[in-house]
Amino acid sequence: MFSYFDVLSVQILFSSFILMANKRIKSYIKTFRIQSLLIALTAGAMGFSLEKGRIDLLVVCLLIIVLKVILIPNMLEKTYASVEYIVEKDFILNIPILVILSCALVVFSYFSVSTIEGINSGIINAQIVNSMSVILIGLFFMISRKKAIGQIVGFLVVENGLYVTALFSTHGLPFIVDLGVFIDVLTAVVIMGFMVFNISEKFDSIDIEKLNKLRG
Amino acid sequence: MQYAAYVLIQLLVIIMLAPLLDGIIRKIKAFSQKRTGIPLLQVYYDLLKLLRKTSVVSEESTWVYKIAPYIVFSTSIAAALLVPVTTKIMPGTLPGDIILLISILGLGRFFTMLAALDTASMFGGMGSSREAMVSILIEPSVLVSLFMVGLISKSTSLPQIMQAMKGIGAPLTYPVFVMIFLAFLIIIIAESSRIPVDDPSTHLELTMVHEAMMLEYSGRHLAIMELGAMIKQLVLITLLVNILIPHDQLIAVTGIGALVVSIFIYVAKVITVTIIIAIAEVCTVKLRFFSIPNLATLSFILLFLGFLQYFILGGSNV
Amino acid sequence: MEALSIRSMFQVSIMFYVIAAVISLVFIKKQRLCNTASNLICAAGSVFGMSASILKIFSEESLIAIHIFQSSIPFISADIKIDNLSAFFVLSLSILVFCVSLYSIGYISTYVGKRNVGLFNFLYSTFILSMFFVMTSGNAVFFLLAWEAMALISYFLVVYEGEYEENQAAGTLYIIMTHVGTVFLMIGLMLVFSHTKSFDIFGSSVGIPILAKNIIFILFLVGFGAKAGVIPLHIWLPYAHPAAPSNVSALMSGVMIKTAVYGIFRFIFFFLGAAHIWWGITIVILGVLSTVLGVAYAYIMSDMKKTLAYSSIENIGIIFIGLGVSFIALAQGNLMVGSLATVAALLHTFNHSLFKGSLFLGVGSIQYSTHTKNIEKLGGLIKKMPITALFVLGGAISISSIVPFNGFIGEWFVLQSLFANIVSGKAILNLLSIISAAALALAGALAIATFVKLYGISFLGLPRSEHALQAKEVPVIMNIGVGIPVVLCLIIGVFPMLLLRVADKVVFDLLGVSLFGQLKGGLMIVYHPLKIPGSVISPAAALIALTIIAVLAMLVIRVIGGKYIERRYGTWDCGFEALNSRMQYSGEAFSNPIKIVFRMLFRPSNELRAVGGSTYFPESLEYVTEFELIFEKYIYNPAVYLMQLFSNRAKVKIQAGSIHSYLIYIFVTLIVLMTYNRFA
């Protein structure tokens with residue numbers, strides 16, 4: 001019953017743990033690259049291995065590599081390079097505790113998912129639990145970081161998690177939906193990058209706690 | 001009688017192999033710095049030389065200081081006897097399991113730390129305190145990793161664990177064992193005082209951990225203390241390779257020929273892992289002391305995820 | 001015939017304790033005589049208790065009953081009923097009492113002429129007696145009376161050196177917490193009575209509905225948990241144990257907190273039965289909390305007795321993990337794992353009383369000869385007090401659960417039961433078990449560090465103060481008292497079967513299953529390796545192997561290296577040539593890394609102040625370091641604050657001082673009760 005999808009899903013989950021443990025903004029982006037690469041691999045492997053031969057999954061795999069492994073991280077790096085060079089402490093709690101809390105999230109998503117009927121027969125589908133945990137950890141990552149780039153990366157990880165969940169539960173969404181989502185994400189990143197510029201110009205920092213000043 | 005012979009062979013292999021690993025690591029480090037480095041067998045010459053030298057003993061020290069090296073050495077050897085090295089030694093020579101193994105290593109650590117405090121030296125206390133912290137942080141991973149392989153093979157006794165692992169085939173193709181492998185590499189690095197946790201070649205008080213505890217030792221005491229530490233490192237590596245990369249001859253030795261083959265395979269596996277550790281040592285820098293918790297957490301998280309995947313989500317994947 | 005003699009031996013034992021109490025009051029003026037006589041009589045009594053309980057466990061008789069006092073009024077009777085469980089705890093009590101009594105002959109002699117020694121001896125012997133009755137009482141009312149007596153007498157012993165304000169505060173905290181516990185116990189026992197109409201401890205709980213059982217479980221758990229000092233009900237323990245004289249601390253930590261374990265065995269395990277899995281889960285979680293936090297606090301304390309007190313919390317935690325696992329396993333009907341875990345809890349209870357007793361006595365010896373228990377003022381004692389040093393080293397190794405001492409045996413069984421629980425368990429329980437195992441490993445490593453610190457800073461190195469410089473070896477009788485438990489620790493550690501046979505009998509009595517029942521034979525059985533399904537270890541073989549290897553190593557090195565030549569020289573001082581005791585690592589510095597790593601828990605703060613002189617050239621520097629005790633600060637202090645607020649309000653509004661309003665309260669209460677009686 002050995003499956004390389006299991007290995008891949010564990011690795012995707014583990015990469016989000018590494019993301020949680022990262023200290024510097026540059027390494028967030030690097031980890032995101034690796035995670036996206038793993039997801040591309042998963043999609044590609046699924047495209048090859050499924051009986052009917054899903055060409056669309058292979059296309060999606062290529063798209064992910066172009067978009068999420070190359071384009072978006074590069075844009076983020078550029079944005080980061082133009083706004084701030086100073087490395088500051090970016091997280092609200094210390095790292096071991098964040099990581100342990102993430103562990104608790106995995107356990108929690110197991111309890112939540114194990115009650116869903118129909119997904120599993122008898123044994124719980126490990127891949128779905130792992131990808132649900134990626135979503136939760138992505139959200140938690142957004143909460144735990146102060147700088148705006150952290151939020152963007154967190155958002156992208158949430159999106160990754162959603163995509164992987166879809167991939168593992170239904171072997172990918174219809175191609176057109178995938179395409180739409182990717183374009184959405186791309187636009188979102190472009191807009192957010194633009195916003196980060198603006199934030200940094202207005203407040204001399206991309207610390208989102210400063211956005212408190214915006215309320216009336 | 002046959003078992004006695006096997007035990008003897010195992011002891012000889014362990015004692016002879018342990019210093020070689022240090023030699024290999026030093027050689028690889030030297031190569032990476034474009035140096036020729038000391039000869040591969042220099043560690044042996046050093047040990048032999050140390051054994052013949054006069055011991056300089058601190059005036060403040062007591063019997064704790066003098067018995068500690070022997071206790072450390074014999075605990076390392078006893079640990080080595082618990083771990084089947086070249087052949088599955090049947091229970092009967094030294095019946096024991098993973099919990100006893102951890103406890104025996106604990107006895108050695110207890111006396112190393114005490115001996116460091118015995119000489120009233122400031123370095124001793126420093127090393128002892130730091131060693132305490134590193135061991136506290138890494139200990140849960142040690143137990144959980146061994147527990148997990150034990151759980152998968154439904155036994156805590158090492159020969160049985162190895163047999164069950166052989167039954168699995170190639171354990172390293174399963175996610176849970178990959179995670180255990182990586183976590184155990186971190187454990188080996190932390191427990192045998194290597195970069196990035198500790199620097200074995202430093203004598204700077206800011207960075208020493210294990211060396212600070214050895215600082216007052218000299219002559220034959222130093223030699224057996226060092227040899228004990230090397231054997232402990234080899235025992236940990238042996239655990240890793242013989243559990244997660246089992247080979248046929250390990251499980252059932254039928255004759256001299258198979259034993260020789262088994263020894264060769266074993267040495268090859270150990271040297272491979274040593275090279276991995278050396279490469280890791282070359283590629284990383286020593287961590288800030290208070291970043292060690294992050295490394296320890298990483299190894300624990302690897303194990304925890306592995307546990308979740310295997311015992312909670314996976315059911316019976318293997 | 002046999003039963004008769006065992007019964008009379010128990011009676012003799014009780015008589016001896018009573019005589020000791022009486023004698024100490026009779027000879028209250030002749031302090032030295034009174035001290036020696038009453039302690040010797042206590043020791044004699046304990047010898048009878050020991051042999052009687054061993055005979056009881058190996059006899060065919062299932063229950064030995066002694067009626068001390070019976071009246072025509074229902075419930076008011078003092079029945080003693082001794083089954084194997086009681087006998088096991090009495091055995092543990094008696095062994096420790098024997099050692100402590102011998103020790104006290106020397107230890108208490110420092111008080112002669114300064115304090116009321118006769119009173120102390122009276123309290124001491126009645127304290128033993130009350131613990132004996134707690135462990136053997138046959139009905140719940142007698143149990144509660146003995147429990148209360150034990151609490152009160154131990155309170156008086158805690159405040160025996162009451163001229164120090166901190167001791168009084170410790171006593172007050174202790175008496176409040178222990179009474180809170182007793183209240184819970186009382187309510188629980190009344191609930192039991194309301195359903196079963198009987199105070200018989202050996203009765204059956206069949207008539208109790210499930211909801212009531214759950215409530216009773218919680219009440220008992222809180223009641224006994226407060227006595228056991230399990231986190232978060234532990235706050236009295238680290239103050240009360242250091243405040244009491246060391247021989248009393250040894251008894252309190254070695255036996256008194258175990259009466260709570262006995263209570264859980266007797267009232268929950270035996271009486272209510274292991275009904276629900278969540279009971280076990282609760283106990284395991286409490287155990288894990290106590291284990292990790294207890295030893296973490298033990299590590300950072302610089303008061304030696306506080307370290308030991310916190311380490312008691314840790315060990316109670318380990319016992320609770322064993323207990324909890326047995327509840328979980330039994331609730332699932334898994335008898336094998338259940339009996340394994342029960343044996344684990346029993347073994348650790350027994351072992352802990354030995355090594356913690358010896359350590360408290362050893363620290364008492366240090367206090368006797370240096371008049372301080374502050375680790376920062378000690379050092380180098382191994383040269384001044386070599387025998388004490390040897391024994392304390394044994395105790396320290398034992399408590400760190402290292403081979404070849406007995407601490408390891410208990411921990412081995414706890415870990416094995418967790419292991420067996422995972423092999424046969426369900427998902428959520430597996431998670432709990434593996435976290436418990438990790439917590440045990442963490443606690444084990446912390447315990448090693450704690451006792452390296454305790455031993456290394458106080459016994460090794462150079463003396464850090466005049467106190468330590470003036471230390472002398474204590475009288476032989478005190479060393480005997482410290483030494484016996486350590487030797488027993490070693491014997492049990494090497495030949496665990498000695499104790500296991502006893503524990504196995506108790507488990508057979510409780511569960512009807514015998515782990516080692518297949519082993520029959522004479523004394524040879526002690527060499528038998530520990531064997532349970534899936535594992536086998538032999539501590540004796542390990543010890544023999546260690547010894548042989550060490551001797552062989554010495555011989556080989558002698559051959560290779562030639563004759564051993566040594567040169568004595570000063571410790572390396574970086575060429576500074578003025579090594580002094582202040583340059584050594586202090587205890588505070590030793591544990592500081594862990595304080596920083598777990599700063600979420602300890603919240604340390606430190607400050608460097610310049611004293612005198614100018615800012616840049618101060619005369620001296622003062623380094624102050626502090627940490628927070630989170631339970632005290634975030635749970636108890638707010639609770640006390642609320643209580644005081646409420647009381648102050650009550651003082652103004654309710655207790656206004658008018659007699660009339662008080663009468664109205666009584667009147668209204670009566671009316672309400674009578675109405676309730678009409679409709680209930």
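Tutor: K197(C) counts as exposed because it has 9 C-beta neighbours inside 10 Å. The criterion, with C-beta atoms placed from the backbone, calls a residue buried if 20 or more other C-beta atoms lie within 10 Å of its own, exposed if 12 or fewer, and partly exposed in between. The model is predicted, so local features need pLDDT of at least 70 and side-chain atom pairs count only at pLDDT 80 or more, while totals for chains, interfaces and linings use all residues. Residues are numbered from 1 along each chain as its sequence is written, and chains are lettered from A and ligands numbered from 1 in the order in which they are written.

K197(C) is not a glycine, yet its phi is positive, at about 60°. Its place is the loop between helix 6 (165–196) and helix 7 of chain C; helices (H or I, at least four residues) and strands (E, at least two) are DSSP runs numbered from the N terminus. S401(C), also a residue other than glycine, has a positive phi near 50°. The loop that holds S401(C) runs between helix 14 (386–399) and helix 15 of chain C. S401(C), however, counts as buried, because 31 C-beta neighbours lie inside 10 Å.

A further backbone feature is the cis peptide bond from I231(C) to P232(C), with omega near 10°. P232(C) belongs to the loop between helix 7 (210–228) and helix 8 (237–243) of chain C. In chain B, the bond from I195(B) to P196(B) is cis, with omega near 10°.

We now turn to the contact with chain B. It takes 69 residues from chain C and 70 residues from chain B, two residues being in contact if their C-beta atoms, placed from the backbone, lie within 7 Å. Among the elements of chain C that each supply at least two residues to this side are helix 15 (406–423), helix 16 (427–459), helix 20 (539–561) and strand 5 (566–569). Helix 16 of chain C gives the most, with 17 residues. By class, the side of chain C has 51 nonpolar residues (Ala, Val, Leu, Ile, Met, Phe, Trp, Tyr, Cys and Pro), 14 polar (the others, Gly among them) and four charged (Asp, Glu, Lys and Arg).

Strand 5 of chain C also pairs in the parallel sense with strand 1 (residues 55–58) of chain B, over four bridges; pairing requires that DSSP find at least two bridges between the strands. Within this pairing, R567(C) is the bridge partner of V56(B).
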